[in-house]
Amino acid sequence: MAKKQIEEELSVPVLASIPRMAGWSRDAQSQAQPVAYLERRPLSRFSEAVRRLRLGIDATPEQARLPRLMLVTSAMPGEGKTTLVLSLACSAAADGERVLVVDADLRLSATTAFFGMVDKVGLVDILTLPVKAANAIHRDERSGYPYSLPAQRPGTRLPSFLRRACARFSKSFAESSTR
């Protein structure tokens with residue numbers, strides 16, 4: 001579908017069209033992943049599209065108020081949520097903005113895995129334990145940016161919590177999402 005068709009059909013402007021990038025790696029050390037690509041090829045079509053999207057978002061009148069939070073979601077897995085979040089965050093950080101990436105995907109936690117923060121205090125801890133938010137925000141040591149609030153995979157601290165919970169109750173019920 002062309003940009004003009006999308007704008008006419010949805011009655012909203014298209015801020016940018018991000019080119020599909022095949023062969024991304026989930027390995028943070030790989031050169032074939034969004035952060036490394038943005039650093040290596042700052043004038044590429046992909047890098048320019050990410051910058052155009054970020055600047056377009058910043059220019060919208062509704063975004064004039066601070067603080068700002070942008071939720072990136074999609075209808076199906078594999079549509080590029082992690083790629084887009086990491087790309088927007090790294091683009092903004094490279095331009096000198098202070099950036100926080102919040103991994104709120106408690107099932108897959110791809111951003112947390114990317115930054116290698118699976119065992120760090122994070123979002124689940126803030127929501128379930130008496131943990132200060134400042135203790136759950138971590139800096140990516142490899143790049144120095146962005147700051148990240150990891151999600152933690154459900155299994156990271158769940159077994160010890162369940163042992164303590166089961167000791168206090170006669171019955172415990174748990175629900176889990178399926179993959």
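This is a predicted model: local features need pLDDT of at least 70, side-chain atom pairs count only at pLDDT 80 or more; totals for chains, interfaces and linings use all residues.
A residue counts as buried when its relative accessible area is under 20%. The chain exposes about 12,400 Å². Carbon and sulfur atoms supply 56% of that area.

The secondary structure comprises seven helices and three strands. Along the sequence, these elements follow the pattern α-α-α-α-β-α-α-β-β-α. Among contacts with a separation of 6 or more, 60% join residues 24 or more positions apart.

The mean pLDDT is 76, and 72% of the residues reach 70 or more. Among the elements, helix α1 (residues 3-10) has the highest mean pLDDT, 90. Helix α7 (residues 158-168) has the lowest, 59. Over residues 175-179, pLDDT stays under 50. For this stretch the model has five contacts beyond four places in sequence.

Helix α1 lies largely in the open, because the number of buried residues among its eight is zero. S11 follows α1 and has a positive phi, near 60 degrees.

Side chains of opposite charge can pair when their charged atoms come close. Three salt bridges are counted in the model. One of them joins R51 and E48, with the closest N and O atoms 2.6 Å apart. Both residues lie in helix α3 (residues 45-59). They are three residues apart, about one turn of the helix. R51 has a relative accessibility of 23%, so R51 counts as partly exposed. E48 is likewise partly exposed, at 31%.

R54 forms a salt bridge with D95, and here the closest N and O atoms are 2.3 Å apart. This pair links distant parts of the chain. R54 is in helix α3, whereas D95 is in the loop between α4 (81-94) and β1 (100-102), 41 residues apart. R54 counts as buried because its relative accessibility is 6%, below the 20% limit.

R54 also meets E97 in a salt bridge, at 3.1 Å from N to O. E97 lies in the loop between α4 and β1 and R54 in helix α3, so this pair ties together parts that are 43 residues apart in sequence. E97 is partly exposed, with a relative accessible area of 34%. Through shared partners, the salt bridges join R54, D95 and E97 into one network.

A pair of aromatic rings is described by the distance of the centres and the angle of the planes. Two aromatic pairs are counted. Y37 and F46 form one of them, with 5.9 Å from centre to centre and 75 degrees between the planes. This pair is edge-to-face. Y37 is buried, since its relative accessible area is 13%. F46 is buried as well, with a relative accessible area of 3%.

The rings of F114 and F115 have centres 5.2 Å apart. Their planes stand at 75 degrees, so this pair is edge-to-face. F114 and F115 are both buried.

On the surface, L100, V102 and I137 form a nonpolar patch. Together these residues have about 210 Å² of accessible area. I137 is found in the loop between α6 (123-128) and β2 (138-139). With a relative accessibility of 33%, I137 counts as partly exposed.

Terms used: Residues are numbered from 1 along each chain as its sequence is written. Side-chain values use heavy atoms; hydrogens and water are left out. Rings of Phe, Tyr and Trp (its six-membered ring) pair if their centres lie within 6.5 Å; planes under 30 degrees apart count as stacked, over 60 as edge-to-face and the rest as tilted. Buried means under 20% relative accessible area, exposed over 50%, partly exposed in between (1.4 Å probe, protein chains only). pLDDT is the predictor's confidence in each residue, from 0 to 100. Helices (H or I, at least four residues) and strands (E, at least two) are DSSP runs, numbered from the N terminus. Contact means heavy atoms within 4.5 Å. Patches are made of residues with over 30% relative accessible area and no salt bridge: like charges are joined within 9 Å, nonpolar side chains (Val, Leu, Ile, Met, Phe, Trp, Tyr) within 5 Å. Accessible areas come from the Shrake-Rupley method with a 1.4 Å probe; for residues, only the protein chains shown count as cover. A salt bridge is a side-chain nitrogen of Lys or Arg within 4 Å of a carboxyl oxygen of Asp or Glu.
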